[in-house]
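Subject: Structure for your review

Dear colleague,

I am handing over the structure we discussed. Please open it next to this message; my notes come after it.

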Amino acid sequence: MKLAIDEFRKAIHDCDPIKMTGKVTQVIGLVIESIGPNVSMGELCYVCSRFSRTKPIPAEVVGFRGGHILLMPIGEMQGIGPGCEVLAAQKTLKAKVGNELLGRILNGLGVPIDNKGPLSPDMEEYPLQAAPPPPLSRPRIHDSLYVGVRAIDGLITIGSGQRIGIMAGSGVGKSTLLSMIARNTEADINVIALIGERGREVREFIERDLGEDGLKKSIVVVATSDQPALVRIKGAMTATAIAEYFRNQGNKVVLMMDSVTRFAMAQREVGLTVGEPPATRGYTPSVFALLPRLLERAGTSAEGSITGIYTVLVDGDDMNEPIADAVRSILDGHIVLSRKIAAQNHFPAIDVLGSVSRVMIDVVSKEHFKAGQLLRSYLATYNDAADLIHIGAYVNGSDPNIDMAIEKIDAINKFLCQDIFEVTGYDETVARLIKIITANNQKK
C-alpha cells in the first residue's frame, strides 16, 4: 500500500491548529451578535446550536457594532441563544462548478435539490463574489443573439454579451417570456436564477415553461421567497459565479435572473437589520452599491460572453421607481412589458416604443435597422392618432403617414404577437419585418 505523502503534507500545511471562537451575546431579529472571533466582512462562521444533534448553522459576517460582530444566518436560527459558540471558518462561500451542473437544479448556495444525487467532491470551486472583467479587456459587442421572440429579434435585437432588463409589474408575463428565451436561444448554456419566487411557481417554470429540452442545457438556481435574505442574495451571486465559470471556458452563456428587484429587497432587509439608514423608498445605500457589482459581472470577456437578461418587478407599474431607474442606468437596454397591452390578449406584451437595445445598431445589418426604425415610426403614428381613429373623427387622406399606419397596423400587430410555443427563426423574423416595410414603401 502506497501512502500519498504529498497529500498528507499539503493537508498539514493547510490546516490551522488554532481554532478561533467567539460567544453569542444576543439575538435580535435576524441578527446574531457575538464577542469574537477575529473575522472580517463577508467571512463565513459556524454557530453551534444548543441542540447537540443539530449541525452548526452557517452564518456570514455582515457588520460590526461596539466591538461586537454582527452575523446573519444562512438557514434557520432554531437552537441559537446567548452563550452559543461561534467558530470562524476562515473562508468565504464558494460554488462548485463544472459540466456536471448541466440539467441540475440547485438551491441558493449551489447545493442540488433535484433528488439526482450530490455533486462530485472533486469539482472545481469558484468564489461567489468576483471582480468584473476590466473595462479595456472587454471585446466590443458585434454579434446578435437569437432568442426566438420576433418582437425582440426584430426590433430590440440583443447582442451576445449585452445586459438587458425586462421591466414589468406582477402578472404581465416576465417569467413566461424568460422561458421562451431559454427554450429557443442559440446560446451554449443557460443559467437561470429564480430569486424570491413563489415556491409553487418554481416547478411550473421548470416542467411547463422550460421543459425537458430547455433544462438539458440549463442550470437552475432557486432561492424562494421563504428563504433567509442572505440565501436570496447568495442565490444571485451563485448563478453569476456559475455563468462566469462557463464564460471563462469559452462558452456563449445566457444568464437569466428573475428578479433583480427581489435581490434588492433582500439586501434592503440585511441593511436595515444591521442598522443602515434607509434612503429612497426604504432602500438602503448598500442596495445601490451592490447592484452594479452584480450586474457588471455579466458581459463579454476575452474568452466568452455572458448575455444578462434581468427581470425587474416594478412597484405599482411605475417604471421610474428606484430599483427600475437604477437598473436601467446600468444595463445596455430594457424591454418594457405593458399591462394595457397584456389586457388586449397580446403576448408577449412588449411595449416596443418604450423599449430599447443600446447595441442593436452594432449587431444588425443597415437594412434590418432601418426597417425596425420605420416600423416603430408607423406604430408611434398610429398610437398618436388612435383616439381620433376609434371615434371616427379621422378622415382618410388627411395625413399620408396616418393612412399608412392604419393600413399596416394589422400586419404589425400580427408580427409582434407570438404564441408561447411558437418558434420563428432569426432570418425569417428579419425577412417578415422587411416585407412589412417594403410593402408600405411601394404604396407611398
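This is a predicted model: local features need pLDDT of at least 70, side-chain atom pairs count only at pLDDT 80 or more; totals for chains, interfaces and linings use all residues.

Strand E15

Strand E15 covers residues 305–313, and nine of its nine residues are buried. Its side chains point two ways: Ser 305, Thr 307, Ile 309, Thr 311 and Leu 313 go one way, while Ile 306, Gly 308, Tyr 310 and Val 312 go the other. Residues on both sides of E15 are buried.

Partners of E15

Strand E10 (residues 163–168) runs parallel to E15 and is joined to it by six bridges. Within this pairing, Tyr 310 of E15 has Gly 165 opposite it.

Strand E13 (residues 252–258) also pairs with E15 in the parallel sense, over six bridges. Here Val 254 has Thr 307 of E15 as its bridge partner.

Strand E14 (residues 299–300) pairs with E15 in the antiparallel sense, over two bridges. Four residues lie between E14 and E15, and the two strands form a hairpin.

Aromatic pairs

The count of aromatic pairs comes to two. In Tyr 245 and Phe 246, the ring centres are 5.2 Å apart and the planes stand at 80 degrees; the cut-off for edge-to-face is over 60 degrees, so this pair is edge-to-face. Tyr 245 has a relative accessible area of 12% and is buried. Phe 246 is buried too, at 0% relative accessibility.

The other pair is Tyr 283 with Phe 288, whose ring centres are 6.4 Å apart. Their planes are at 70 degrees, so this pair is edge-to-face as well. The relative accessibility of Tyr 283 is 6%, which counts as buried. Phe 288 has a relative accessible area of 27% and is partly exposed, because buried requires a value under 20% and exposed one over 50%.

Tyr 283 has a further contact to look at: Arg 268 lies over the face of its ring, at 4.3 Å from the ring centre.

Regards

Methods. Residues are numbered from 1 along each chain as its sequence is written. Side-chain values use heavy atoms; hydrogens and water are left out. Buried means under 20% relative accessible area, exposed over 50%, partly exposed in between (1.4 Å probe, protein chains only). Two strands pair if DSSP finds at least two bridges between them. Rings of Phe, Tyr and Trp (its six-membered ring) pair if their centres lie within 6.5 Å; planes under 30 degrees apart count as stacked, over 60 as edge-to-face and the rest as tilted. A charge sits over a ring if NZ of Lys or CZ of Arg is within 6 Å of the ring centre and within 35 degrees of the ring normal.
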